[in-house]
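Please look over the sequence and the structure below, and then read the briefing that follows. The notes are grouped by topic.

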Amino acid sequence: MNQWMEIAILSTLKDGAYQRFEFENIDILVFREGNHLFAIEDECTHDGAELCGGLYMNHEIECPRHGAKFCVKTGQALSAPAYGSVNTFPIRVTHDGKVEIELGE
Ligand code: FES
């Protein structure tokens, strides 16, 4: 069964930027665009590099190692040398401003 887990407080996430969290042994990047949040696993599908530290613009993050780009909304690889999608996680904000992600068991 999947569970919603608290990962952050919305007011601590910078708008137009991303932040890395380690949660349940998974490294997760959370992106904030106004009231929209996106969460992806911090692992490039080309050669396993961390995406954290990569350039983020227009809902795309660039892998710092070889430059592959990924859509942070869908996880889809947008440019070589990566072809596989990164994992994404459902994410939501509760009425009292807590950010939660849904993780599988
Ligand atoms: S490890 Fe990310 S593009 Fe090669």
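This is a predicted model: local features need pLDDT of at least 70, side-chain atom pairs count only at pLDDT 80 or more; totals for chains, interfaces and linings use all residues.

Residues are numbered from 1 along each chain as its sequence is written.

**Chain as a whole**

- The chain has zero helices and 10 strands, where helices (H or I, at least four residues) and strands (E, at least two) are DSSP runs numbered from the N terminus.
- The radius of gyration, taken over C-alpha atoms, is 13 Å, close to the 13 Å that the globule rule (2.2 Å times the number of residues to the power 0.38) gives for 105 residues, so the chain is as compact as a globular protein of that length.
- Along its principal axes the C-alpha trace spans about 40 × 30 × 20 Å.
- Of the 105 residues, 29% count as buried, a label that requires 20 or more other C-beta atoms within 10 Å of the residue's own, with exposed meaning 12 or fewer and partly exposed lying in between, and with C-beta atoms placed from the backbone.
- Contacts are defined by C-beta atoms, placed from the backbone, that lie within 7 Å; among those between residues at least 6 apart in sequence, 37% join residues at least 24 apart.

**Strand pairing**

- Strand 3 (residues 26-33) and strand 4 (residues 36-41) pair in the antiparallel sense over six bridges, pairing being assigned if DSSP finds at least two bridges between two strands.
- These two strands form a hairpin with two residues between them, and G34 in the turn has a positive phi of about 65°; within the pair, I28 stands opposite E41.
- Strand 4 also pairs with strand 8 (residues 88-89), in the antiparallel sense and over two bridges, with I40 standing opposite T88.
- Three strands form an open sheet in the order 1-10-9, with antiparallel pairing, and its edge strands, strand 1 (3-9) and strand 9 (91-93), each pair on one side only.
- Six bridges join strand 1 to strand 10 (residues 98-103), and the bridge partner of M5 in strand 10 is I101.

**Surroundings of F89 and A39**

- F89, found in strand 8, is buried, because 22 other C-beta atoms lie within 10 Å.
- Leaving aside neighbours within four places in sequence, F89 is in contact with I28, A39, I101, E102 and L103.
- A39, with residues up to four places away in sequence not counted, touches I28, L29, V30, T88, F89, I91 and I101.
- F89 and C52 are 37 residues apart in sequence and 16 Å apart in space, C-alpha to C-alpha.

**Surroundings of E60**

- E60 has its place in strand 6 (residues 60-62) and counts as partly exposed, with 16 C-beta neighbours inside 10 Å.
- Not counting residues up to four places away in sequence, E60 touches K69, F70, C71, V72 and L78.
- From C-alpha to C-alpha, E60 and S85 are 13 Å apart in space, and they are 25 residues apart in sequence.

Conventions
Two residues are in contact if their C-beta atoms, placed from the backbone, lie within 7 Å.
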